[in-house]
Amino acid sequence: MESIPFNPILEYNSDTLLFIRKLYDLDKLERMEEAITILRDWLKKQDHIVKKNYSSNYFERVIIISKGSVERAKAKLDKIATFRTLLPQYFEPLNDLEKPLLNDLVTGIPSKMTPDHYRVIITNNKAKKIDGGLMDFYRYLIMIAEYMQCNDYLNGVEVIFDYREANLIELIKALNLVEMQQVLAIVMEGYGMRIKGIHFITTSKAIDTVVYLFKSALNKKVAERIHVHNNVDTLHKHIPKDILPSDYGGQAKSLLELSNDLKAELSSENYLKHYKEMQKACTNENYRRDNKFNEQCVGMPGSFRQLSVD
């Protein structure tokens with residue numbers, strides 16, 4: 001791509017495209033085109049991966065989120081297709097984004113990036129009671145991850161969970177460690193989303209249990225990036241204040257407005273059509289060599305050997 005296409009909810013720094021390409025020695029057009037060609041030719045030879053046709057822009061984003069490594073990009077395309085086959089419950093599209101759980105877990109993405117090209121994702125948990133678990137929220141997160149894979153161009157993400165209005169005891173009861181491991185594996189192993197920091201905002205002592213569960217679901221490297229803040233003032237030491245929502249001291253829209261904008265994008269006819277089509281981007285395990293299945297797939301929490309979440 002010559003420039004990052006316009007997106008109604010995502011903005012980029014003026015140097016984002018060149019900076020990230022240069023970071024991975026892909027700033028020369030012919031090097032990027034060569035990497036895309038190698039990845040596309042490899043995919044055509046993978047009999048067990050059902051979907052073969054992706055746009056060059058899609059391939060480029062997979063390569064970029066794989067730190068410029070074609071080999072990592074191959075692994076990610078294989079893994080996300082495998083996850084769709086083995087864990088299809090997380091990939092079911094949500095046609096109703098006004099479910100009570102999603103209204104209680106207000107999630108938005110400020111339009112501006114950090115100066116080092118990271119995207120910020122914020123969830124304000126207002127839930128006083130959680131009935132029926134968190135599966136719809138996990139499905140919503142996967143829809144967001146797919147949207148970012150298709151549209152964003154980034155170094156990674158900073159994640160904020162605001163628990164100041166939450167009933168953390170209810171949240172702890174709803175958190176299932178196996179589900180946490182699985183959804184994190186999909187987002188980080190499958191979509192290749194790199195997490196620079198996980199930030200919790202709360203004064204509740206119950207946060208210690210939440211942090212423990214997250215650390216149990218993450219590897220040590222990512223677990224060390226967890227931060228707990230008593231208020232937004234200390235958050236500003238990690239994330240530039242001006243790009244945050246207005247209700248977090250920043251200059252962006254309020255989190256509720258950002259949440260509504262995100263829901264409008266994810267519920268659009270074009271995106272839902274794409275998302276439902278991507279459900280078919282799975283694997284046919286009858287065509288995968290057995291040794292490759294054991295090496296690549298055997299290990300998801302709850303059913304097989306644990307995959308590394310890096």
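Because the model is predicted, local features are reported at a pLDDT of at least 70 and side-chain atom pairs at pLDDT 80 or more, whereas totals for chains, interfaces and linings use all residues. Residues are numbered from 1 along each chain as its sequence is written, and side-chain values use heavy atoms, with hydrogens and water left out.

Grid points were joined across faces, edges and corners, and a volume is the space filled by probe spheres set on the points. Under this rule, six cavities of 30 Å³ or more were counted. The largest cavity has a volume of about 520 Å³, and 27 residues line it, of which Phe 137, Leu 141, Val 159, Phe 161 and Leu 184 are the closest to its centre. Secondary structure elements are DSSP runs numbered from the N terminus, with helices (H or I) of at least four residues and strands (E) of at least two. Two or more residues of the lining of the largest cavity come from each of strand 2 (118-125), helix 6 (135-151), strand 3 (156-162), helix 8 (177-190) and strand 4 (195-201), and helix 6 gives the most, with six residues. The lining of the largest cavity divides into 25 nonpolar residues, two polar and no charged, where Ala, Val, Leu, Ile, Met, Phe, Trp, Tyr, Cys and Pro count as nonpolar, Asp, Glu, Lys and Arg as charged, and the others, Gly among them, as polar.

The second largest cavity holds about 80 Å³ of space, and its lining includes Arg 61, Ile 64, Met 148, Asp 152 and Tyr 191. Helix 3 (56-65) and helix 6 each supply at least two residues of this lining, with helix 3 giving the most, three residues. Seven nonpolar residues, one polar and two charged make up the lining of the second largest cavity. At least three of its lining residues are drawn from each of domain 1 (15-91 + 281-287) and domain 2 (100-269), the domain bounds being taken from an automatic or database domain assignment.

In soluble globular proteins, nonpolar side chains tend to be buried together. A nonpolar core is here a set of buried Ala, Val, Leu, Ile, Met, Phe, Trp, Tyr and Cys residues joined through side-chain atoms within 4.5 Å, where buried means under 20% relative accessible area, exposed over 50%, and partly exposed in between (1.4 Å probe, protein chains only). The largest nonpolar core contains 67 residues, among which Tyr 163 and Phe 200 touch the most other members. Helix 6 contributes the largest share of this core, 10 residues, and at least three residues of the core come from each of domain 1 and domain 2.

With a disulfide taken as a pair of cysteine sulfur atoms within 2.5 Å, the count of disulfides is zero. The cysteine sulfur closest to that of Cys 150 belongs to Cys 282 and is 16 Å away, which is too far for a bond. Cys 150 is buried, at 18% relative accessibility, and Cys 282 is likewise buried, with a relative accessible area of 19%.

Most residues other than glycine have a negative phi. Asp 25, however, has a positive phi near 60 degrees; Asp 25 lies in the loop between helix 1 (16-23) and helix 2 (29-44) and is partly exposed, with a relative accessible area of 46%. For Lys 67, phi is also positive, near 60 degrees, and this residue is placed in the loop between helix 3 and helix 4 (70-86), where Lys 67 is partly exposed at 38% relative accessible area.

Tyr 54, in the loop between helix 2 and helix 3, is buried at 14% relative accessibility, and its C-alpha atom is separated by 8.2 Å from that of Arg 40, 14 residues apart along the chain. Asp 233, by contrast, is exposed, with a relative accessible area of 53%, and is placed in helix 11 (residues 232-235). The C-alpha atoms of Asp 233 and Asn 286, 53 residues apart along the chain, are separated by 54 Å.

Key: On a 1 Å grid over the protein atoms alone, a cavity is a set of points where a 1.4 Å probe fits but cannot get out, and a pocket is an open set with protein on both sides within 12 Å along at least five of seven lines; lining residues have an atom within 4 Å of a point.
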